[in-house]
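Morning, everyone. I have one structure to walk through today, and here it is.

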Amino acid sequence: MTFKSDFRKSGARVRRAGGGPRRGGIAVGGGLGGLLLVGLFIMLGGDPAMLAGDGGGPAPAPEARQEAGADPCETGADANRRADCRVEFTGISLDRVWAEQLPAQAGIEYQAPELALFQGSVSTGCGAAEAATGPFYCPADRTGYFDTSFFDTLVRLGGSDGPLAQQYVVAHEVGHHIQNLEGTLGRSDYGNPGADSDAVKIELQADCYAGIWAHYADKGPEAILEPLTDAQVAQAVETARAIGDDSIQRHSGRGVNPDAWTHGSSEQRREAFLAGYRSGRMASCDTLGRGAYR
Ligand SMILES: [Zn+2]
């Protein structure tokens, strides 16, 4: 259990983007399998071609299907039971934390991102994407996109299926939205990868911002999470490690090549999350060295 089970939301926090049917066999080998680059996609990790894995991926979770009119996600208890509700309620928690912390620490007013759940494929302000892309943030429409089938991919990569591990994924993408509000997200350039690249710095900062959310998410009267346990935090850390570039390169059967990194190593991602989690301070996430935080 993570969310306070009697917490009741006041309105929908996710858009159900519908999305087309999953294509049989996702195209791999085009490099960016299924992903049409129109705008800037900011991903959770790795190479989308690799995330397509064996070309199929798991079937969409039945729970993501929804009859018209029925909202399956009303209370914290729903979010403790269902991955789609967990994404939505994590969004509510993120809004509460960042509405307070972003003005206090960076002097920037928080404007909430859109959050969208989809299955299979979706069209976005950045172009068309498929579930194989993994979760991503599109700055053009200020939306984080999530297909809950990715949580199974995370487990195959060695991550955890624990609730905080999944919440970390949402918090990382909202971290990119925070960078968008800060005006720094455009520095990410997956076309110029490498261990010291701006792409890696932006990704590690998003991990650190996810840690900041976790730091505050169970504190104060606004908190909708029960106190985090050490075991939950360990699950998030384990998941940050699993999607490190070296880990993903190993899983794909390629050698570890830091020159191709876009998201940082397992150790860097672990440390980034923990830096934010332990301090709660944006200053401890200043991978770009801006010195802009209070
Ligand atoms: Zn990212």
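Start at Val14. Setting aside neighbours within four places in sequence, Val14 is in contact with Glu88, Leu115 and Leu117; contact means heavy atoms within 4.5 Å. Val14 sits in the segment before β1 (15-16). Helices (H or I, at least four residues) and strands (E, at least two) are DSSP runs, numbered from the N terminus. Is Val14 buried or exposed? Val14 is buried, because its relative accessible area is 11%. The cut-offs: buried is under 20% relative accessible area, exposed is over 50%, and partly exposed lies in between, with a 1.4 Å probe and protein chains only.

Some ground rules. This is a predicted model, where local features need pLDDT of at least 70 and side-chain atom pairs count only at pLDDT 80 or more, while totals for chains, interfaces and linings use all residues. Residues are numbered from 1 along each chain as its sequence is written, and side-chain values use heavy atoms, with hydrogens and water left out.

Now the overall picture. The protein chain has nine helices and seven strands. Of its 294 residues, 56% are buried. Take contacts between residues at least 6 apart in sequence: 76% of them join residues at least 24 apart.

Val14 and Glu114 are 100 residues apart in sequence, yet 7.1 Å apart in space, C-alpha to C-alpha. Cys138 and Glu114 are 24 residues apart in sequence and 9.8 Å apart in space, again C-alpha to C-alpha. Cys138 lies in strand β6. Cys138 counts as buried because its relative accessible area is 0%.

Arg142 lies in the loop between β6 (136-138) and β7 (143-146). Its phi is near 50 degrees, a positive value in a residue other than glycine. Most residues other than glycine have a negative phi. Arg142 counts as partly exposed because its relative accessibility is 34%.

Next, helix α5. What span should its 20 residues have at 1.5 Å a residue? The answer is 28 Å, and the end C-alpha atoms are 28 Å apart, so the two agree. The expected span is 1.5 Å times one less than the number of residues. Helix α5 is mostly covered, with 18 of its 20 residues buried. Gln166 lies in this helix. Gln166 is buried too, because its relative accessible area is 7%. Beyond residues up to four places away in sequence, Gln166 touches Ala83, Arg86, Phe151 and Asp161. Just after α5, Gly183 takes a positive phi of about 80 degrees.

On to helix α7, residues 230-242. It has 13 residues and reaches 18 Å from its first C-alpha to its last, close to the 18 Å expected at 1.5 Å a residue. Which residues of α7 are buried? They are Gln232, Val233, Ala236, Val237, Thr239, Ala240 and Ala242. Their cover includes α4 (150-156), α5 (163-182), α8 (245-251) and α9.

That brings us to packing. Two packed helices are described by the angle between their axes and the distance between the axes. Axes are lines fitted to C-alpha atoms, for helices over the stretch in contact, and angles run from 0 to 180 degrees between N-to-C directions. The axes of α7 and α9 come within 7 Å and cross at roughly 145 degrees. The crossing of α7 past α9 is right-handed. Handedness works like this: left-handed if the near helix is turned anticlockwise from the far one by less than a right angle, right-handed if clockwise. On the α7 side, Val233, Ala236, Val237, Ala240 and Arg241 take part; they meet Ser266, Glu267, Arg269, Arg270, Phe273, Leu274 and Tyr277 in α9. The contact of α7 with α9 divides into seven nonpolar, one polar and four charged residues. Ala, Val, Leu, Ile, Met, Phe, Trp, Tyr, Cys and Pro count as nonpolar, Asp, Glu, Lys and Arg as charged, and the others, Gly among them, as polar.

Helix α9 has another partner. Helix α6 (residues 198-217) packs on α9 (residues 266-279) at an angle of about 40 degrees, with the axes 6 Å apart. This crossing is right-handed. The contact of α6 with α9 has 10 nonpolar, five polar and three charged residues.

Last, the aromatics. Rings of Phe, Tyr and Trp (its six-membered ring) pair if their centres lie within 6.5 Å; planes under 30 degrees apart count as stacked, over 60 as edge-to-face and the rest as tilted. By this rule there are seven aromatic pairs. Phe3, Phe7 and Phe89 form one aromatic cluster.
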